[in-house]
Amino acid sequence: MRRLIYLLIACLGTIPLLAEATLDSSWTLQQRTPFNAKIQTVKAIQYNQLTSAKKPWQICALVPHLKDAYWIGIDYGLVSKASQLGINLELFEAGSYYRKEQQLKQLEYCLNQPFDAILLGAVAPNLLDNYPGQINKPIIALVNRLDNPMITTRVGVNWYQMGWEAGHFIAKAVKKIPPSSPVTLALLTGPESVGGSDWVELGIQDAIANSHIEITSIRHTDNNRDLYRDQLHNLLNDHIPSYIIGSAVAIEAAIGTLQHKQLTGQVKLVSSYLSPATLRGLHRNKVAFSSDDQVVLQGKLAIDIMVKLLEGAQSFGDIGPQIQALEQGKVQLDMFNNSLAPASFYPIYRVTPKTNL
């Protein structure tokens with residue numbers, strides 16, 4: 001039933017979505033080398049985007065879930081650019097990072113249907129190693145790392161760097177605190193060893209390595225606010241850290257939990273990526289910092305690059321937006337068109353040329 005509702009929204013809701021969109025001729029991006037490496041050299045580039053496609057290509061997009069603002073922002077970017085180019089897009093969500101078999105079934109479906117190419121937001125870096133069939137269509141890694149020799153284009157950011165930015169903010173903030181005063185840090189960075197959580201943690205650890213910050217707890221769970229509330233309850237009963245770094249969903253849960261426990265301001269919150277709630281928290285001084293990897297732009301870029309590849313372009317390597325470092329009290333709520341889907345946007349699973357302007 002939910003799928004049918006979303007398809008109806010796709011048919012009825014795409015026109016106002018596009019009417020509000022603006023099209024810049026180029027995007028400022030980063031080209032990163034080596035491919036899929038933790039530590040990379042970065043080169044700033046101007047990327048000229050397409051304004052039309054040579055034919056109504058059919059693209060399949062697979063994502064882990066659409067349960068939070070991050071992947072909804074990716075969906076908004078995919079839908080916006082597919083609609084603007086007049087191509088076909090169909091999106092499937094696995095439902096969780098823990099549903100590898102479901103995503104493998106979806107991959108098999110897309111390989112056996114008349115799709116021209118696949119955008120794969122993998123639930124695990126080794127996903128393709130577990131696929132027994134033949135892969136005979138172009139695949140781009142979307143957001144998440146995909147370790148396989150046939151994958152030579154990835155649209156996203158370096159998640160080690162996302163974690164490093166968050167950790168660096170704290171390391172810089174505590175320099176004025178005497179080493180004799182303990183600074184403790186708890187991590188709630190998302191599902192364990194999937195998505196970008198493992199590299200986020202490595203980036204955080206390296207950023208604080210030469211400081212007097214002690215990581216006192218590392219906790220993992222699926223991106224579910226209720227699960228995070230349970231973890232926060234257990235964490236704060238065990239000890240009260242100076243800082244909590246978490247996924248945006250964890251930080252959203254923490255804002256309310258700290259307020260309930262009258263700990264707002266005593267525990268500083270740092271988000272590893274941006275969401276509408278963490279943005280409001282930054283604006284209202286309830287969240288100290290957030291990394292922002294411009295997910296709407298990532299979705300648009302993924303469609304644009306895939307169409308270019310289908311029309312004869314060479315591999316684009318490891319490419320994506322520059323990570324933005326956002327501090328509390330220094331943001332305006334209307335500055336993030338490339339980062340967050342509009343509040344009125346609901347997940348859309350299918351775009352066809354007849355729904356386009």
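## Briefing: a buried asparagine, a disulfide and a helix

N144 is buried, at a relative accessible area of 3% (buried means under 20% relative accessible area, exposed over 50%, partly exposed in between, with a 1.4 Å probe and protein chains only). This is a predicted model, in which local features need pLDDT of at least 70, side-chain atom pairs count only at pLDDT 80 or more, and totals for chains, interfaces and linings use all residues. Residues are numbered from 1 along each chain as its sequence is written, and side-chain values use heavy atoms, with hydrogens and water left out.

**Surroundings of N144**
- N144 sits in the loop between strand 6 (139-142) and strand 7 (153-155) (strands are DSSP runs of E, at least two residues, and helices are runs of H or I, at least four, numbered from the N terminus).
- The side chains of N144 and Y97 are joined by a polar contact of 3.1 Å (a pair of N or O atoms within 3.5 Å; within protein, one must be able to donate a hydrogen and the other to accept it, and residues adjacent in sequence count only if both atoms are side-chain atoms).
- The N144 side chain also reaches the backbone oxygen of A122, at 2.9 Å.

**Disulfide**
- C60 and C110 form a disulfide with an S to S distance of 2.0 Å (cysteine sulfur atoms within 2.5 Å).
- Because C60 lies in strand 3 (residues 58-63) and C110 in helix 3 (residues 100-112), the pair ties together parts 50 residues apart in sequence.
- C60 is buried at 0% relative accessibility, and C110 is buried with a relative accessible area of 0%.

**Helix 2**
- D68 caps the N-terminal end of helix 2, with a side-chain oxygen 3.1 Å from the backbone nitrogen of Y70.
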